[in-house]
Amino acid sequence: MSKPKIVILGAGYGGLITSKSLEKLLKSGEADVTLINKHDYHYLTTQLHKTGVGTAADRQIALSIPELINSNKTQFLKASVSSVDIKSQVVHLEGGDTVNYDYLLIALGFEVETFGIPGIKENALEIRSFRSSKAIYHHIIKQFNLYKEDQDPSRLTFVVAGGGFTGIEMLGELADGLPKLCKEHDIPFEKIRIVAIEAAPSVIPFFPKQSIQYTMNVLEKRNIELITGTKILECTPEKVVLENNIEVPTRSLIWSCGVKGNTIVHKWGLPIVKGKIAVDSYLRVKNMNNVFSIGDCSLFLKDEKNALAPTAQVALQQAPLCAKNIVSSIRGESLKAFEYHHKGSVASIGLMAAVGKVGNFRLSGLFGAFMKQVIEARYLFNLGGPSLIIKQHVGVSREPV
Ligand code: FAD
């Protein structure tokens with residue numbers, strides 16, 4: 001009898017950790033595992049804001065997938081998935097190749113949600129992938145160079161839309177990174193404007209008052225202009241148009257107002273609820289026994305009405321159980337239901353400050369920033385042990401890009 005074929009689509013947090021878990025769980029020769037990803041690197045999505053401003057070296061954010069997996073146990077395929085034929089159990093890749101599967105995991109992550117606001121898709125910058133974040137960095141340098149030619153102040157105005165965790169992290173990184181970039185490119189830093197726009201009455205509105213106040217204070221101290229309680233109506237190449245006849249002349253709107261599940265999965269005949277793949281308590285796609293989905297492209301209901309938020313924390317907790325359930329399915333054993341345990345959330349505001357909550361403890365300041373580093377290091381440790389942490393951090397200075 002031929003070995004069952006397990007195919008994993010996407011090597012983000014969910015897909016990569018599932019493949020690493022399968023390496024440990026499967027007996028020798030028990031199944032073939034193929035991991036398919038667009039790029040041959042795994043990027044740390046939770047740190048993409050650093051790539052956007054150049055405050056981290058590329059190799060700290062984008063890690064070579066072949067170096068992270070055991071090639072004797074997992075076959076890696078660098079390819080873009082174009083579709084899946086669920087009936088015939090075939091994955092179609094861009095370029096025409098196909099891969100058959102017996103068990104499939106769909107972990108294709110997220111897309112940026114623009115809410116149909118005119119001009120966002122065309123003109124705003126996205127913190128979506130390593131490439132899109134790298135594009136932010138190159139855009140900043142381009143604006144610096146053009147400013148030297150036309151002295152247009154809108155080229156030195158950087159606007160971040162969205163005062164949630166991602167927006168706050170991007171603002172903190174801009175405040176940290178722009179002084180050095182200005183120096184390197186001979187731009188007067190005092191002419192730089194960093195503007196934050198949030199539709200809700202405050203930034204991180206889902207946090208306790210003290211955390212909100214702390215964050216607002218840090219942003220103000222760092223000369224970030226805050227516009228809250230105001231919606232963005234339009235973005236053009238030269239300006240952002242807001243409610244109440246406010247216009248901010250800028251060539252750089254960084255959009256971090258929300259995400260949705262990867263829409264590529266919509267035409268594959270899967271049960272799609274709220275734009276995501278609906279899964280059962282075992283992380284299997286609803287009414288399917290051999291197709292699983294985890295992370296941002298899936299919808300897991302924590303109770304009758306509410307779904308789990310799209311976070312790395314959720315994807316990372318789902319991945320090991322998903323691997324176990326795939327192995328149990330192959331062995332004909334019973335599957336385990338997924339239970340999510342929220343461990344807290346921490347957002348950096350640059351390198352030296354952070355805000356968040358772990359258990360019942362509110363975190364802020366340097367201690368918060370330290371905890372954020374611990375969380376990131378813990379992930380690297382789980383992925384590749386202490387050697388990966390050392391390799392990632394020793395001898396790294398900010399590389400020219
Ligand atoms: P992803 O990590 O997005 O991985 C999807 C993978 O699929 C990618 O490798 C992609 O290249 C690949 N892919 C996509 N389409 C195709 C295709 N057609 N063919 C082949 N491959 C494809 N969460 C937290 O819990 N804590 C945080 O502090 C936090 N901070 C964040 C900061 C930022 C700036 C951002 C953007 C997000 C943050 N998040 C955070 C959310 C978190 O990053 C996501 O929830 C997490 O990445 C989801 O993991 P995933 O495996 O579902 O998808």
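A crossing of two helices is left-handed if the near helix is turned anticlockwise from the far one by less than a right angle, and right-handed if clockwise. The model is predicted: local features need pLDDT of at least 70, side-chain atom pairs count only at pLDDT 80 or more, and totals for chains, interfaces and linings use all residues. Residues are numbered from 1 along each chain as its sequence is written, and side-chain values use heavy atoms, without hydrogens and water. Helices (H or I, at least four residues) and strands (E, at least two) are DSSP runs, numbered from the N terminus.

The axes of helix H1 (residues 13-25) and helix H9 (residues 312-331) come within 8 Å and cross at roughly 40°. Axes are lines fitted to C-alpha atoms, for helices over the stretch in contact, and angles run from 0 to 180 degrees between N-to-C directions. H1 and H9 are therefore oblique to each other (under 35 degrees is roughly parallel, over 145 roughly antiparallel, 65 to 115 roughly perpendicular, the rest oblique). Their crossing is right-handed. Contact means heavy atoms within 4.5 Å. On the H1 side, the residues in contact include Tyr-13, Ile-17, Leu-22 and Leu-25. On the H9 side, they include Ala-312, Leu-316, Val-327 and Arg-331. The residues of this contact divide into 13 nonpolar, three polar and two charged. Here Ala, Val, Leu, Ile, Met, Phe, Trp, Tyr, Cys and Pro count as nonpolar, Asp, Glu, Lys and Arg as charged, and the others, Gly among them, as polar.

Two strands pair if DSSP finds at least two bridges between them. Strand E13 (residues 193-197) pairs with strand E14 (residues 224-227) in the parallel sense, over four bridges. Ile-197 has Ile-227 in E14 as its bridge partner. Between E13 and E14 the chain passes through helix H8 (residues 209-221), a right-handed β-α-β crossover. A crossover is right-handed if, with the strands pointing away from the viewer, the path from the first strand over the helix to the second runs clockwise.

E24 and strand E25 (residues 354-358) pair over four bridges. Ala-347 has Val-355 in E25 as its bridge partner.
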